[in-house]
Amino acid sequence: MMNSMQLLRQHCATLLMLSLVSIVLLGCKSVTTNDTVDYKSAGAVRGPNLSYPPDLITAQADRRYIVQDGSATMSEYNAAVKKSVQTRKNVMTGIPGMRIARDGERRWLVVEKPAPELYPQIKDFWQENGFLLVIDSPSTGIMETDWAENRARIAQDFIRSAIGGALDSLYDTGERDKYKTRLEVSKPDETEIYITQRGAIEKCTTDSTGSCISTIWTARPNDPELEAAFLARLMERLGMTQEMAKAQVAAPLGPKTPKAKLVQEGVNTAYIEMAAGFDRAWRDTGLALDRSNFTVEDRNRTNGVYYVRYVNPKDLGDTKGFFTNLFSSKDDSSLKAKKYLVVVKSTGENSSSVYVQNADGKPENTAAGLQLLTLLTEQMAR
């Protein structure tokens, strides 16, 4: 259901467009699409103009890996896309052994190529699909897009179809998405590629009469189907036919199995108990972190350590939002620590445990550590 702000936008757009219909109809062309994702319409480069509230901004990794906000121009973007298209002409016609792996509702791509060869192609893939990267770290195999709007969600009514993109920017879905890609080396010359989506939706804040006085951006549930759509597109980008890629992604998902249980010892001491060997526990922990509001800055699979960062909303201002909802407590002074270690330890052939440590590698026996483990457990259960 549209909020008042969105209705006002569309009403204004309709009035403007009605005045142009008589002129445009002579040369109009119907605009239709069957695609479910389109982040390139109405200008692929949006930069910082969305003005998300502070509590919708995660900590950014080392500044070496970040595209400076607002520095990109349309000409620079078009040049990058042109270069990507030229590079794409040399893409192999298919990669032997490329396949979709799955576990419950989770899907990821397995490619029989080393990660350093795949990383540049995946980076080009996101640019070709209309995204800017805010994290671009070849050394860690992690990239993350900026927030963008899926224009395919806007209804193609008669008036909008008639005038095409002339006033397209006046339409707004009130939703934004961003995507994180992580490359994992599972064994020599084989790479696992994970794509996770996060969403935000614009909601009204109302006064005592129920009237919308302003809007705020809040988190919306993760959408596995959007992740699947981009996995299929990436498979095409790497050389698989569209039909084969869609067939692999559309294959039935496996049954869900119990994976994780939060174990508490005392008031704050806790860990996650997993009925899975190290490889699966490492993968599930990484996916849970990707889908949460934490930024993975680095990882060491050999030692079973993810280095993560958490932004306390109190450090960013008084704005309340979904970060606060996830980390709410009467006394949250202990939540100001920003860096944590999430440690995965094998305890048997089919069992593992996950712990949280502070930046010094000591047990994080605080409210922050407990709630981080609670959040990860909830993500693993999905």
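Predicted model: local features only at pLDDT ≥ 70, side-chain atom pairs only at ≥ 80, totals over all residues.
I started at Asn-129, whose side chain reaches the backbone oxygen of Phe-125 at 2.9 Å. I count that as a polar contact, meaning a pair of N or O atoms within 3.5 Å; within protein, one must be able to donate a hydrogen and the other to accept it, and residues adjacent in sequence count only if both atoms are side-chain atoms.

Numbering runs from 1 along each chain as its sequence is written, and side-chain values use heavy atoms, with hydrogens and water left out.

**Asn-129, continued.** I found Asn-129 in the loop between helix 3 (115-128) and strand 3 (133-137). Helices (H or I, at least four residues) and strands (E, at least two) are DSSP runs, numbered from the N terminus. Buried or exposed? Asn-129 is buried, with a relative accessible area of 10%. My cut-offs are under 20% relative accessible area for buried, over 50% for exposed, and partly exposed in between (1.4 Å probe, protein chains only). Not counting residues up to four places away in sequence, Asn-129 touches Tyr-39, Lys-40, Phe-230 and Arg-233; contact here means heavy atoms within 4.5 Å.

**Whole chain.** I got nine helices and 13 strands for the protein chain. Of its 382 residues, 47% count as buried. Among contacts between residues at least 6 apart in sequence, 65% join residues at least 24 apart.

**Helix 7.** Next I looked at helix 7 (residues 278-290), which has 13 residues and reaches 18 Å from its first C-alpha to its last, close to the 18 Å expected at 1.5 Å a residue. The expected span is 1.5 Å times one less than the number of residues. Ten of the 13 residues of helix 7 are buried, so this helix is largely enclosed by the rest of the structure. Among the buried ones I noted Trp-282, Arg-283, Asp-284 and Asp-290.

How does helix 7 pack against helix 9 (residues 367-380), and at what angle? The angle is about 105°, with the axes 9 Å apart. Axes are lines fitted to C-alpha atoms, for helices over the stretch in contact, and angles run from 0 to 180 degrees between N-to-C directions. The two helices are therefore roughly perpendicular to each other, a label I use for 65 to 115 degrees (under 35 is roughly parallel, over 145 roughly antiparallel, the rest oblique). Helix 7 brings Asp-284, Thr-285, Ala-288 and Leu-289 to the contact, and helix 9 brings Leu-376, Gln-379 and Met-380.

**Arg-182.** I then followed Arg-182, found in strand 5 (residues 175-187). Arg-182 counts as buried at 1% relative accessibility. Its side chain reaches the backbone oxygen of Gly-286 at 3.4 Å. The residues Arg-182 touches include Arg-283, Gly-286, Leu-287 and Asp-290, along with Glu-192, Arg-299 and Tyr-306.

Asp-189 lies in the loop between strand 5 and strand 6 (190-206). I flagged its positive phi of about 60°, although Asp-189 is not a glycine. At 53% relative accessibility, Asp-189 counts as exposed.

Leu-238 is in the loop between helix 5 (224-237) and helix 6 (242-250). Leu-238 counts as buried, at 0% relative accessibility. I also logged a C-alpha separation of 7.8 Å between Leu-238 and Gln-121, which are 117 residues apart along the chain.
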